[in-house]
Amino acid sequence: MSLPQLGTQERYAGRPFLRLVDAYLLQCIGHLAEPQAASICQMAPRLAVTFGSSETQWERIVEQQLGYSPEVAGEIQALWAGYQEQSERQGVPADPAVFVYRFVADNVAGT
């Protein structure tokens, strides 16, 4: 099975919120590129208006839309650590994009 690459038009076609979900997951595991993080931070006020949120941080807005509590970030980090250990046992590098793709497929409705 070929995984669409994160950031490609194919992955996000008809699913603009998925771009934010992917960024959120990458942020949780420490792999969101700084330029992307800065860009999304600047969008936070518009995201709050779009989603009718009183939150000011984009991460909280995404959590709110997904029905997640802020504590879920720690759970995602723990899953990432487990994924890294499993990858190491298999002798392959842990790929943040594969982790994000699988997490979304398994845990985010409508994807």
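Me: What pattern does the protein chain follow when read along the sequence?
Reply: This is a predicted model, in which local features need pLDDT of at least 70 and side-chain atom pairs count only at pLDDT 80 or more, while totals for chains, interfaces and linings use all residues. Residues are numbered from 1 along each chain as its sequence is written, and side-chain values use heavy atoms, with hydrogens and water left out. Helices (H or I, at least four residues) and strands (E, at least two) are DSSP runs numbered from the N terminus. The protein chain has 6 helices and 0 strands, and the pattern along the sequence is α-α-α-α-α-α.

Me: In which helix is Pro 96 found?
Reply: Pro 96 belongs to a helix that covers residues 96-107. That helix is H6.

Me: Is Pro 96 buried or exposed?
Reply: Buried means under 20% relative accessible area and exposed over 50%, with partly exposed in between, using a 1.4 Å probe and protein chains only. Pro 96 has a relative accessible area of 19%, so this residue counts as buried.

Me: Which residues is Pro 96 in contact with, leaving aside its neighbours within four places in sequence?
Reply: Contact means heavy atoms within 4.5 Å. With neighbours within four places in sequence set aside, the residues in contact with Pro 96 are Leu 26, Ile 29, His 31 and Trp 80.

Me: How many Å apart in space are Pro 96 and Ile 76, C-alpha to C-alpha?
Reply: In sequence, Pro 96 and Ile 76 are 20 residues apart. In space, taken from C-alpha to C-alpha, the two are apart by 12 Å.
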